[in-house]
Amino acid sequence: MSEYKFKINGKDFNVTVNSVEGKNASVTVNGVDYNVDIESRSEGSLSSSAASPVAAQQSAAPKPAASETVSGASPAAAGTGAGKKITSPLPGVIIDVCVKEGQAVKRGQKIAVIEAMKMENDILAESDGTVTAIYVKKTDSVLEGADIASIA
């Protein structure tokens, strides 16, 4: 088990790498457990410990996104992504996605519901438009700032 402290976009993250098996790792970020997929490994970026791939990826990522290693992430579900991105206001688990790609939405309309600390939080559209991409699906774990959807 290895522990790291990261500062990403001015926010502190305490990361514990619990285990690494092949291209999968079990990590704890600020007390929330995640299973992550390791997309690439930079040789010599840190030590050759099992934590290197995850630590290198975390330090290179300015903002966590659903398409980056978060458990259950669904890159295939992402569309073109044109438009303004709606992001997660806090870390948690997506318990409902209330819109579909191509759907027209109004400002204040519920886009998704995230559960954090046993409370449900609605993620709302910030403007009128059309959903151009959905980056998450039900049961995905997301970090604060992760992309939820795009509206153009």
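Student: How many bridges pair β7 with strand β10 (residues 129-134)?
Tutor: This is a predicted model, in which local features need pLDDT of at least 70, side-chain atom pairs count only at pLDDT 80 or more, and totals for chains, interfaces and linings use all residues. Residue numbers start from 1 along each chain as its sequence is written, and side-chain values use heavy atoms, with hydrogens and water left out. Strands are DSSP runs of E (at least two residues) and helices runs of H or I (at least four), numbered from the N terminus; two strands pair if DSSP finds at least two bridges between them. β7 and β10 run in the antiparallel sense, and the bridges between them number two.

Student: Which residue of β10 stands opposite Ala 104?
Tutor: β7 covers residues 104-105, and its pairing with β10 is antiparallel. The residue opposite Ala 104 is Thr 130.

Student: What is the strand order in the open sheet that holds β5 and β7, and which strands are its edges?
Tutor: Four strands make up this open sheet, with antiparallel pairing, in the order β5-β12-β10-β7. An edge strand here pairs on one side only, and that describes β5 (84-87) and β7 (104-105).

Student: What is the average twist in the open sheet that runs β1-β2-β3-β4?
Tutor: The pairing in this four-strand sheet is antiparallel, and β1 (2-8) and β4 (32-37) are its edges. Axes are lines fitted to C-alpha atoms (for helices, over the stretch in contact), and angles run from 0 to 180 degrees between N-to-C directions. From one strand to the next, the twist averages 30°.

Student: Which residue in β4 faces Ala 25?
Tutor: Strand β3 (residues 24-29) and β4 run antiparallel and are joined by six bridges. Standing opposite Ala 25 in β4 is Val 36.

Student: Why does Val 27 count as buried?
Tutor: Val 27 lies in strand β3. Buried means under 20% relative accessible area, exposed over 50%, and partly exposed in between (1.4 Å probe, protein chains only). Val 27 counts as buried because its relative accessibility is 1%.

Student: Which strands pair with β6 (residues 92-97)?
Tutor: Over two bridges, β6 pairs in the antiparallel sense with β11 (residues 141-142), where Val 93 has Ser 141 as its bridge partner. Four bridges join β6 to β8 (residues 110-116), also antiparallel, with Val 97 opposite Ala 112. The two partners are therefore, by the rule of at least two bridges, β11 and β8.

Student: How many helices and strands does the protein chain have?
Tutor: Along the sequence, the pattern reads β-β-β-β-α-β-β-β-β-β-β-β-β. That gives one helix and 12 strands.
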